[in-house]
Amino acid sequence: MIGRRKKALTATPDGVVAAERAPEIPAIAQRTVPRFGHGSRVPGWDDAVDLTKDPSEVPDPATTAVPAALRAEIEAHMAKYPDFHSAAIPALAAAQRHHGWCSPEAIEQAACVMRLTPGYLISVASFYDMLETQPVGRNRVYVCTNISCSLCGADALLERLQEETAGDPDFNVRAFECLGACDIAPMASVNDVYIGPITLDDVAPLVGQIREGLPPLPNKQLRRRKSTDPGARS
Amino acid sequence: MPRPEQETISFTIDGNEVHAPKGAMLVDAAKFGDVEIPVFCYEPKLGQPVGACRMCLVEIEGIPKLQTACSTPVRDGMVVNTITDRVKEAQNAIVEFLLINHPLDCPVCDKGGECPLQDISFGWGGGRSRFIEPKRHFVKPLALSPLIAIDRERCILCYRCVRFSQEIAEDYQLVLQERGAHTFVATFDGHPYVAPFSGNIIELCPVGALTSQPYRFRARPWDIEGSGSVCALCPAQCNVEFTVRDERVLRVLARDHDDVDDGWLCDKGRFAYQSVHVDQRVTNPLLRVDGELVPVGWDRALDAAAAALTAAGDATGAIAGGETTNEEGFLLAHVIRAGLGSANIDSRAGGTLPLELHAALHATALQATVPDLEFAHAVLVLDCEPVDDAPVLDLRIRKGVRRNDVKLAVATSRPSSLDPNAAAVARFAPGMAEAFCAALSCALGGSGVLEELAVAAGAGVDEVRALADVLSTAGDDVVIVYGERLTDGPRGEHAARGLLNVAGRLVAVDHDGSGLLELPAGTNGRGLREVGVLPNAGPGLTPVNDPGLDTAGIAAAAAAGRLQALYLLHADPLRDLPGRATWAAALAAGDTVIAHSALLTEGLWEHATVVFPAESYAEKEGTITHPDGRVQRLRPAIARPGQVRGEWQVLADLSRRLGHDPGILSGPMASKVLFDAIPFYAGLTLDAIGGRGVRWPAGPAATAWPKADTGPFGLETPPHAPTPNGVLRLGTFRSIWASPEVELSPALKFMHQHQRAELHPADAGRLGVAHGDRVTVGSDESRVRATVSLRAAVPEGSVFLETGISVESANALDGGLVEVAPE
Amino acid sequence: MSPTILFKDIDENGLNTIDVYRRRGGYEAMRKVLTQMTPEQVVDELMASGLRGRGGAGFPSGKKISFIPKVNVDKYLVCNADESEPGTFKDRELMQKSPHMLIEGIVIGAYAAGATKSFIYIRGEYVEQADILDAAIVEAQDAGFLGEDILGSGFGLSLVLHRGAGAYICGEETGLLDSLEGKRGNPRLKPPFPANQGLYQGPTVINNVETLATMPHIIQMGGAEYAKIGTETSAGTKLVSVSGNVQRPGNYEIELGVPSREIIYDLAGGPPEGREVKFWFPGGSSSPVLEAKDLDLPYDFNTLAEAGSMLGSGAIIVVDDSVPVVDVAMKLAKFYRHESCGKCTPCREGTNWTVTMLERIDDGLATPMDLDIMASVQEQIIGNCLCVLGDAMAMPIGSMVAKFRQEFEDHIEAARARNPFGGDAAPDPPPPLLQGAVGA
């Protein structure tokens with residue numbers, strides 16, 4: 001047997017290794033649901049169905065209340081495409097904005113408007129990293145930990161950010177795959193604003209700014225950055 | 001729509017030249033050269049290949065990369081290799097990958113012994129694994145529904161089950177969640193996967209990840225034997241294979257027949273076999289002695305029945321239920337007509353239809369077949385709900401729409417589960433099919449004023465017009481699927497003529513691929529009419545001089561004391577037939593009620609004087625006739641329990657006692673006599689019918705079907721739909737789950753139906769009731785209690801209730817208008 | 001110095017607005033195409049330019065459009081802006097700073113392909129860029145450059161910006177199509193190819209942002225003129241994203257065929273003081289790694305392919321000599337495991353297996369023999385998958401194991417030395433008995 005396994009086997013697709021590497025799991029995430037080190041969710045492998053529930057069919061408008069604003073937004077998305085199914089991701093994103101995450105209620109509402117089963121939408125929602133199928137804090141801090149950023153110290157940055165926000169339910173600090181901003185490595189997307197390079201000293205002021213609703217690290221925002229190409233500066 | 005034509009090409013596989021149909025996928029084409037290419041995800045029944053499992057990689061000359069044989073159509077001159085080292089390495093690799101996280105708990109796995117993963121690992125695997133990390137383990141097994149257990153450790157993510165749910169049943173409840181190595185099969189938010197066809201995923205699963213809860217650990221493949229027959233629980237008559245161990249049916253599997261079921265089964269067909277082996281089965285003849293039903297010997301029961309029938313003479317009425325076979329119906333008619341001189345025999349619930357209309361509606365030139373549903377240009381679903389009336393046809397209609405772009409038109413009173421697939425949908429008031437047919441035929445260019453007819457039908461003019469538009473512009477091949485209920489009631493014959501007028505405008509006579517397809521109320525509804533279980537027709541639809549009473553007439557006459565004996569063959573009027581109050585009176589008033597039944601349902605328990613134990617469908621031999629004219633053969637899979645005798649034998653014995661020996665000593669003899677007596681069955685033999693059935697309308701004897709005028713007919717002005725003024729129009733339906741077999745099968749107990757009143761939210765608002773409230777529905781004479789179920793799709797002004805259920809069934813109500821009031 | 005085409009004046013204030021863009025001559029190429037050229041002429045011009053797809057595969061762009069069947073059905077153009085390949089960030093800069101260049105390219109490409117509906121599939125993380133594009137699309141619509149009957153030419157085009165939601169696999173063109181159709185982003189079997197049956201089963205041309213943004217310039221310069229830039233088989237300029245251990249990470253527009261050393265050292269400043277290049281990914285994390293000795297290779301499609309790697313998306317990731325190769329392999333493998341869609345067996349299981357093997361190496365539980373298994377697993381993945389994601393992990397990992405075998409072995413030995421108790425721990429407690437747990 002190979003393991004000097006210290007923990008009982010946890011039933012995760014990562015199996016033993018995920019359990020062994022427990023210290024890598026962000027503290028913040030442990031508080032809600034255990035997460036894999038790399039931001040992926042612990043899936044419902046061990047979940048049986050609840051036999052007292054009714055089967056989940058297309059929600060009937062007669063018994064499903066949908067906020068008017070959400071309905072209007074989803075219907076507008078549906079109208080944009082030749083096939084309304086294309087609006088699945090925009091509809092889920094809208095439902096997530098309204099509900100904070102893709103809760104069962106949010107998905108049922110989106111499914112009711114789109115005349116799809118909630119199963120269709122959870123299948124889509126759980127495929128994409130940005131659609132949250134578990135409750136999360138409202139401040140999204142995605143820290144890129146892919147190769148280029150980690151070569152520039154992203155793992156330490158993630159750790160510091162998680163320490164700094166530990167215990168704060170308003171924060172959703174998670175490792176993310178390459179965010180497409182390796183020129184400002186190590187970087188993070190803070191409520192959709194790209195900032196970098198972030199030094200460890202930036203972390204405390206950054207978290208403060210997020211808490212107060214101020215623009216995060218204004219001088220390090222990507223949108224202000226000029227091109228590095230000498231040819232572009234003609 | 002023309003069916004794809006088959007052209008043969010030749011290609012080379014593993015050095016041998018092989019002929020195969022053009023366009024076939026290599027996996028299938030290889031079989032023509034006796035080469036098996038292993039697959040997991042490929043299943044042609046599920047539609048386009050997905051190429052996910054990568055098990056079928058083969059080498060094709062001229063293509064550098066290995067190709068998936070499941071998705072590569074064979075071409076003339078192709079050179080394919082499946083046994084080169086390169087292919088073998090790839091196959092070994094895929095098996096190794098698949099087994100990385102497969103628990104290999106075969107000794108305790110239900111699938112062991114009949115498992116494709118076992119077979120393929122043995123046949124194409126490398127026989128070793130270099131994966132020394134611990135495997136993943138999960139809690140197992142878990143419930144996926146009361147019928148299905150899921151074992152996610154064993155799942156190899158072949159996509160079959162979710163493809164079934166999404167692309168075949170289209171219930172879209174079973175989905176994949178998460179992605180990559182985390183992907184798993186599940187439902188939304190822990191809801192159970194309960195749907196009419198969910199059981200098919202058990203059969204599709206190539207590993208032991210999805211297992212049948214009722215079958216789990218009941219048998220190993222070497223303990224069992226398979227026995228082919230036909231499911232007799234509904235008119236769809238799917239071909240099945242019973243899994244039998246020690247004279248018990250333990251499982252029902254599909255026996256693929258493209259012309260009948262396309263290889264699928266509904267959950268009733270798959271799990272209601274349990275009702276065969278319940279304690280409630282009647283296994284002894286019973287006789288009512290001093291008010292109690294007591295077991296007696298056959299002779300005593302037969303003598304008592306013969307004596308009572310002799311005494312009643314022509315004051316006898318007989319009802320044959322839908323599960324009656326052709327032979328039994330034929331013999332019953334013989335007993336009633338020849339033995340007793342009575343003509344009071346019926347197998348339809350809805351009244352007498354003139355013979356020429358029977359002949360016209362099923363004229364061979366107008367007869368559509370099941371595959372026509374898939375290849376037509378347009379299908380009209382008229383006054384029926386396929387998923388309830390003949391479930392497997394629902395899948396066939398969906399398949400046509402999805403794969404062949406069939407234009408579907410739905411015209412029903414109650415919202416249909418096919419509505420989302422339809423190109424046009426029209427609603428009409430319950431029971432107003434006559435006016436609707438008149439309106440539709442008018443919109444298709446017939447006579448009348450469309451606005452008036454549509455209003456009479458309670459339908460929207462624009463909807464009718466849109467429906468007509470879809471049907472008339474789709475193409476030549478139009479199939480009309482209609483429910484028997486369309487021709488029910490006192491005005492049934494007018495509705496039938498209206499239907500024929502619609503057909504006359506849409507269906508080209510004698511044109512293959514189009515026509516009418518009736519969904520009878522009973523399993524063998526069509527066959528029973530053909531063998532003469534009608535008040536106005538003898539065997540082969542021959543006219544009788546003095547027509548007898550129909551079902552409603554028998555009830556009324558018996559209730560009024562004009563009939564002394566009632567003969568109920570596989571029928572319990574209190575459960576199955578409308579007019580519950582009249583029937584209750586009829587059963588109470590009759591001196592003698594003779595019943596053939598496997599189960600003592602309430603009407604029999606209280607009123608039967610003689611009960612003959614009946615065979616279950618797994619024990620029967622005989623023939624039944626599919627709605628499209630296919631005569632199919634029931635074959636006994638297990639021995640009869642207790643004292644049960646074949647119904648043909650009981651009826652023959654009874655007939656003999658009544659002085660009219662039909663000379664039948666065995667089941668096959670009964671079939672022979674039947675085939676000889678029915679002109680259009682001439683030439684049929686049990687051998688010819690075999691396991692696949694024979695469609696007589698396509699045979700040489702079809703010319704013997706009586707000629708009839710198929711229209712167009714001049715129509716009377718149809719009556720107007722009642723105005724729901726403060727009250728509501730009552731519509732009824734019988735769900736797939738409403739049957740004693742379902743109620744008695746332990747696995748299906750959870751399906752037990754409680755009466756629900758389906759209402760539009762606006763009506764509910766006006767009545768001051770909310771979703772889930774308890775209400776009573778009915779009039780002063782009778783009421784049923786129900787729970788309010790709000791549905792936005794229910795037309796305003798109507799309420800829908802279920803019939804055929806054991807309590808609070810809607811057959812207690814007379815139809816028309818009803819009040820809905822909070823309880 | 002190389003000619004600057006795409007990045008010319010890229011930092012000009014307000015370039016993202018239609019006024020500034022037009023003042024600089026924007027939308028003139030579109031006008032020329034719509035008023036003076038037939039679709040065939042546009043395709044010919046693109047063919048003549050030698051433009052190859054800038055997204056990763058490097059397929060000739062004109063040829064791709066010419067595959068679209070000339071049938072009378074709805075055709076689609078989809079711009080692949082799901083820039084997710086680790087190390088790649090060139091499209092981001094283009095979309096953010098010059099969105100109208102992309103829109104103009106889309107109109108030109110759609111006109112050439114006969115497409116009347118177009119979509120930009122942008123990765124969900126690029127929120128700022130998507131907002132800028134949305135605003136630009138509205139401007140273009142208001143100016144009559146999108147919509148029906150553009151410039152009175154009779155040609156109409158709708159453009160919808162579709163935001164993804166975070167999945168690398170949606171950068172694969174068929175995965176992108178499924179995702180755009182509102183499904184899970186699973187790649188599809190090919191054939192049928194998107195040119196015949198793509199979005200909504202209609203003929204579809206899918207191009208990268210940079211490819212489309214180059215099209216207006218090709219029209220303005222003339223294809224033949226454009227083909228003079230770069231090498232014979234790799235024409236034109238290329239945006240290269242340089243990142244990792246370099247002093248000036250960023251996007252650089254280079255002429256294809258310049259020595260790689262020039263890009264990494266002269267433009268991006270090379271590794272930090274005192275460090276050497278240990279190895280580098282020439283075309284994103286999916287490209288097999290090259291070593292320091294390969295730095296003088298000309299940076300173009302064919303040379304890199306001959307060197308056993310690829311130009312890919314033009315993302316150079318430089319790794320210096322302070323970084324253990326095993327760590328990079330681990331990052332890479334975990335990334336691909338996370339991003340595998342799970343549809344096909346070798347990729348789903350192979351990426352997972354590779355990660356567990358690397359973790360075992362890290363934990364000191366492996367032997368050098370495991371490296372052979374790892375290499376063999378990569379071999380079993382390559383070419384056996386439904387799409388190229390599996391290969392995208394297997395090729396670089398395979399190349400690392402092959403090129404840095406000694407370092408892997410040293411790592412294994414060092415880890416074993418750190419973990420003297422490996423394999424001697426107490427056995428695991430047995431899992432609970434679960435038979436009959438159905439419904440529990």
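This is a predicted model: local features need pLDDT of at least 70, side-chain atom pairs count only at pLDDT 80 or more; totals for chains, interfaces and linings use all residues.
Q: Which strand of chain B does β14 join, and over how many bridges?
A: Strand β14 (residues 286-289) of chain B is joined to strand β15 (residues 292-295) of chain B by 4 bridges, and the two run antiparallel.

Q: Which residue stands opposite L287(B)?
A: L287(B) faces V294(B) in β15(B).

Q: What about the turn in that hairpin: which residue takes a positive phi?
A: That is D290(B), with a phi near 50°. The hairpin of β14(B) and β15(B) has 2 residues between the strands.

Q: Moving on along chain B, what is the strand order in the open sheet of 3 strands?
A: The order is β28-β29-β30 (chain B), and the pairing is antiparallel.

Q: Which strands stand at the edges there?
A: β28 (622-625) and β30 (694-695) of chain B do. Each has a single partner strand, so one side of each is left without a neighbour in the sheet.

Q: And how many bridges join β29(B) to β30(B)?
A: Strand β29 (residues 630-634) of chain B is joined to β30(B) by 2 bridges, in an antiparallel arrangement. Within this pair, R630(B) stands opposite R695(B) in β30(B).

Q: What holds strands of a sheet together in general?
A: Strands of a sheet pair through backbone hydrogen bonds, either parallel or antiparallel.

Q: Chain C, then: in what order do the 4 strands of its open sheet come?
A: They come in the order β3-β2-β1-β4 (chain C), with parallel pairing. β3 and β4 (204-208) of chain C stand at the edges with a single partner strand each, so each has one side without a neighbour in the sheet. From one strand to the next, the twist averages 20°.

Q: How many bridges are there between β1(C) and β2(C)?
A: There are 6 bridges, in the parallel sense, between strand β1 (residues 76-81) and strand β2 (residues 117-122) of chain C. V78(C) is placed opposite F119(C) in β2(C).

Q: Helices next. At what angle do α5(C) and α7(C) pack?
A: The angle is about 40°, and the axes are 8 Å apart. That makes α5(C) oblique to α7(C). Their crossing is left-handed.

Q: Which residues meet there?
A: From α5(C), R92(C), M95(C) and Q96(C) meet E128(C), Q129(C), I132(C) and L133(C) in α7(C). By class, the residues of this contact are 3 nonpolar, 2 polar and 2 charged.

Q: Back in chain B, how do α18 and α20 cross?
A: The axes of helix α18 (residues 551-559) and helix α20 (residues 580-589) of chain B come within 7 Å and cross at roughly 55°. This makes α18(B) oblique to α20(B). The crossing of α18(B) past α20(B) is left-handed.

Q: Which residues make that contact?
A: A555(B), A556(B), A558(B) and A559(B) in α18(B) meet T582(B), W583(B), A585(B), A586(B) and A589(B) in α20(B). Of the residues in this contact, 8 are nonpolar, 1 is polar and none is charged.

Q: Turning to the chains, how many residues of chain B are in contact with chain A?
A: Chain B has 39 residues in contact with 36 residues of chain A. β6 (142-143), β8 (175-177) and β9 (184-186) of chain B each supply at least two residues of the side that touches chain A. The largest share, 3 residues, comes from β8(B). That side of chain B divides into 24 nonpolar, 9 polar and 6 charged residues.

Q: How many residues does the contact take from chain C and from chain A?
A: It takes 71 residues from chain C and 55 residues from chain A. Among the elements giving two or more residues to the side of chain C that touches chain A are α5 (90-97), α7 (127-142) and β3 (158-163) of chain C. The most comes from α13(C), with 7 residues. The side of chain C that touches chain A has 27 nonpolar, 23 polar and 21 charged residues.

Q: What is E493(B) in contact with, beyond its neighbours within four places in sequence?
A: E493(B) is in contact with L353(B), P354(B) and L357(B). The C-alpha atoms of E493(B) and T352(B) are separated by 8.4 Å, while the two residues are 141 residues apart along the chain.

Key: Residues are numbered from 1 along each chain as its sequence is written. Chains are lettered from A and ligands numbered from 1 in the order in which they are written. Two strands pair if DSSP finds at least two bridges between them. Two residues are in contact if their C-beta atoms, placed from the backbone, lie within 7 Å. Ala, Val, Leu, Ile, Met, Phe, Trp, Tyr, Cys and Pro count as nonpolar, Asp, Glu, Lys and Arg as charged, and the others, Gly among them, as polar. Axes are lines fitted to C-alpha atoms, for helices over the stretch in contact, and angles run from 0 to 180 degrees between N-to-C directions. Angles under 35 degrees count as roughly parallel, over 145 as roughly antiparallel, 65 to 115 as roughly perpendicular and the rest as oblique. A crossing is left-handed if the near helix is turned anticlockwise from the far one by less than a right angle, and right-handed if clockwise.
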